[in-house]
Amino acid sequence: MVKAYGFHLSGNSYKVRLLLELLKVDYDWKEMDLVNGEHKSPEYLAVNPLGQVPALVDGETRLTDAQSILVYLAKQYGGEQWLPTETLPMVQVINWLFTTAGEVRQGPESARLYHFFGVSNINVERTYQKSEHVLTYLNQHLSTRTWLEFERPTIADVAVFPYVALSRDGKIDLDAYPHILNWIEQVKQLPGFISMPGL
Ligand SMILES: N[C@@H](CCC(=O)N[C@@H](CS)C(=O)NCC(=O)O)C(=O)O
């Protein structure tokens, strides 16, 4: 059975769990005690040498990084709907995975780290600038469509959703971004959707 390692307050862990639920994959959730450093234990470092969550083990396959795990799950258990195989549509989806790992991480994800987890060595003003930049772009993009790409949800939506929807934990108000708010509601209506604290 698929084994997923994560922490219930981690948006990166949540995106993996969300896709597992949307795809109705049978999995075993291993909750890691990040507060007490379980993610730095020798047992866990053998799973993810970076000492971060999430990680996923499926038979002989061992994966780290939420975005890579989403690609794996989509290919292995989801298929065409979640990640197209044709080059250009595939790249359109993957582009959002990099936006998440780049702009969203530098913006709303880092603002949440500062305010919600109290990580102080973060330039919070910079996270607000980055957030405004990416949220404005996302809001504009969503002004003419329901989903990030195509007429259906893909792993692009699953990847971008958590830290954008958790913006308030980083003291970022989403009221100025009505199309993002509509999209968040659409994602929440997906069959199999699960929530996490802060959503
Ligand atoms: N690139 C990784 C980043 C994962 C990440 O930042 N994980 C955080 C929780 S959301 C973590 O494990 N932090 C603890 C640490 O780095 O020591 C991914 O997208 O999965």
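## A loop residue

D33 sits in the loop that links β2 (27-31) and α2 (42-45). In this predicted model, D33 has 10 C-beta neighbours inside 10 Å and therefore counts as exposed. The cut-off for an exposed residue is 12 or fewer such neighbours.

D33 can also be placed relative to I194, which is 161 residues away along the chain. The C-alpha atoms of D33 and I194 are 21 Å apart.

## Strand pairing

Strand β3 has pairing partners in both β1 and β4. With β1, β3 pairs in the antiparallel sense, over 3 bridges. K3 has V57 of β3 as its bridge partner.

Strand β4 covers residues 61-64 and runs antiparallel to β3, to which 4 bridges join it. A55 is found opposite T64 of β4. The hairpin formed by β3 and β4 has 2 residues between the strands, and G59 in this hairpin adopts a positive phi near 60 degrees.

## Surroundings of the ligand

Which residues surround the ligand? They are S10, N12, H39, G51, Q52, V53, P54, D65, A66 and Q67. By class, this shell holds 3 nonpolar, 6 polar and 1 charged residues.

The domain assignment divides the protein into domain 1 (2-78) and domain 2 (87-188). Their C-alpha centres are separated by 21 Å. Where the two domains meet, 9 residues of domain 1 are in contact with 10 residues of domain 2.

On the side of domain 1 that touches domain 2, α1 and α3 are the elements that give two or more residues.

## The largest nonpolar core

The largest nonpolar core contains 48 residues, and the members that touch the most others are L19, L70 and I155. At least two residues of this core come from each of β1 (2-6), α1 (11-22), β3 (55-58), α3 (66-78), α4 (87-115), α5 (124-141), α6 (155-165) and α7 (178-188). The element that gives the most is α6, with 9 residues. Because domain 1 (2-78) and domain 2 (87-188) both give residues to this core, the core lies between them.

Which residues does L19 touch, leaving aside those up to four places away in sequence? L19 touches L70, L73, I155 and V158. Of these, L70 and I155 are, together with L19, the residues that touch the most other members of the core.

Methods
Residues are numbered from 1 along each chain as its sequence is written. This is a predicted model: local features need pLDDT of at least 70, side-chain atom pairs count only at pLDDT 80 or more; totals for chains, interfaces and linings use all residues. A nonpolar core is a set of buried Ala, Val, Leu, Ile, Met, Phe, Trp, Tyr and Cys residues joined through C-beta atoms within 7 Å. A residue is buried if 20 or more other C-beta atoms lie within 10 Å of its own, exposed if 12 or fewer, and partly exposed in between; C-beta atoms are placed from the backbone. Domain bounds come from an automatic or database domain assignment. Two residues are in contact if their C-beta atoms, placed from the backbone, lie within 7 Å. Two strands pair if DSSP finds at least two bridges between them. A residue is near a molecule or strand if its C-beta atom, placed from the backbone, lies within 6 Å of it. Ala, Val, Leu, Ile, Met, Phe, Trp, Tyr, Cys and Pro count as nonpolar, Asp, Glu, Lys and Arg as charged, and the others, Gly among them, as polar.
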